[in-house]
Amino acid sequence: MAHGHGGVGAPFRPTWLVPALAGAGLVNGWLLWMVLRGPVRPRAETLPPGVAWARRLLYANVLVELLLWRLLGRGAAVPVDVVTVLVGTVTLVQLVRVVSGVSRTFKLVAVGLALIGALSYLAAGGSRAAGLGLLGLVAGLAALASVLMILLAQRRDGRWSDATIGFGRIAAIAPLLLPLLSVALFSSFAAGVMVLEAALSMFSPVWLARTAHELAAPAGRTAEKDAEEVAEENGGRAG
């Protein structure tokens, strides 16, 4: 005797799938708007060369994550993940150079961890590796530690908002969260895991884009001060 919806032989489609897909689409649309909305106000009239290069590299990372992965994926002649790792590592090194509020030793450790993560990942074979292995584990832990150090540096610097740092935190833990969810839920909720993966994959480009946007603020100016001035300006217009 057949059970479920649609009769004998009909595929089972959970009733929550369509709302989940619609919700994921709305979330991804909102996250994409965060990427495209542009820098915060006010912007420094003249950006130091190091800051300008860091912003260019951050935007290049966004393009790699949003376009290359989706257009080429793993079928490209040159593995897209290799390009992503190389561009991301160069970007992190440049970003560490221009962030303030942390010591030189802190910066050197963050850069060292990023380099260890990148080299270990490439040595392990990248996304085409047969399994995780020791090098893959080292790569993941070193990359996570370097990103967490960058987030701490952003907090101490003061130019980045709480929202930007929050996006960065989610982007940092997403690669750890997704495999656990896949193991725990894939057999019963495969579609739900794929929807969640699509949503979580957007947090990294959002963090990169917002980091570039807010890096354009004058040095020593906090994101909270910008928010206060915008609120005052909007209040004045309303009055």
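User: Which residue forms a salt bridge with Asp157?
Analyst: Arg159 does, and the closest N and O atoms of the two are 2.8 Å apart. Please bear in mind that this is a predicted model.

User: Is Arg159 buried or exposed?
Analyst: Arg159 is buried, because its relative accessible area of 6% falls under the 20% cut-off. Asp157 is buried as well, at 12%.

User: How many salt bridges does the structure hold?
Analyst: It holds 3. One of them joins the side chains of Asp162 and Arg155, at 2.5 Å from N to O.

User: What about Glu214, which residue does it pair with?
Analyst: Glu214 forms a salt bridge with Arg210, with 3.4 Å between the closest N and O atoms. Both residues are buried.

User: Where do Glu214 and Arg210 lie?
Analyst: They are both in helix H7, 4 residues apart, which is about one turn of the helix. An α-helix has 3.6 residues a turn, so residues three or four places apart point the same way.

User: Changing topic: which residues have the most contacts inside the largest nonpolar core?
Analyst: Leu95, Trp207 and Leu215 do, in a core of 37 residues. Helices H2, H3, H4, H5, H6 and H7 each supply at least two residues of this core. H7 gives the most, with 7 residues.

User: What does Leu95 touch?
Analyst: Leaving aside residues up to four places away in sequence, Leu95 touches Ala54, Leu58, Ile150, Trp160, Thr211 and Leu215.

User: How far apart are the end C-alpha atoms of H3?
Analyst: They are 27 Å apart, which agrees with the 27 Å that its 19 residues should span at 1.5 Å a residue.

User: And on the surface, which residues form a nonpolar patch?
Analyst: Ile116, Leu134, Leu137, Val138 and Leu141 form one, with about 460 Å² of accessible area together. H5 gives the most to the patch, with 4 residues.

User: Is Leu134 buried or exposed?
Analyst: Leu134, found in helix H5, is exposed because its relative accessible area of 66% is over the 50% cut-off.

Technical notes: Residues are numbered from 1 along each chain as its sequence is written. This is a predicted model: local features need pLDDT of at least 70, side-chain atom pairs count only at pLDDT 80 or more; totals for chains, interfaces and linings use all residues. Side-chain values use heavy atoms; hydrogens and water are left out. A nonpolar core is a set of buried Ala, Val, Leu, Ile, Met, Phe, Trp, Tyr and Cys residues joined through side-chain atoms within 4.5 Å. Buried means under 20% relative accessible area, exposed over 50%, partly exposed in between (1.4 Å probe, protein chains only). Contact means heavy atoms within 4.5 Å. Patches are made of residues with over 30% relative accessible area and no salt bridge: like charges are joined within 9 Å, nonpolar side chains (Val, Leu, Ile, Met, Phe, Trp, Tyr) within 5 Å. Accessible areas come from the Shrake-Rupley method with a 1.4 Å probe; for residues, only the protein chains shown count as cover. A salt bridge is a side-chain nitrogen of Lys or Arg within 4 Å of a carboxyl oxygen of Asp or Glu. The expected span of a helix is 1.5 Å times one less than its number of residues.
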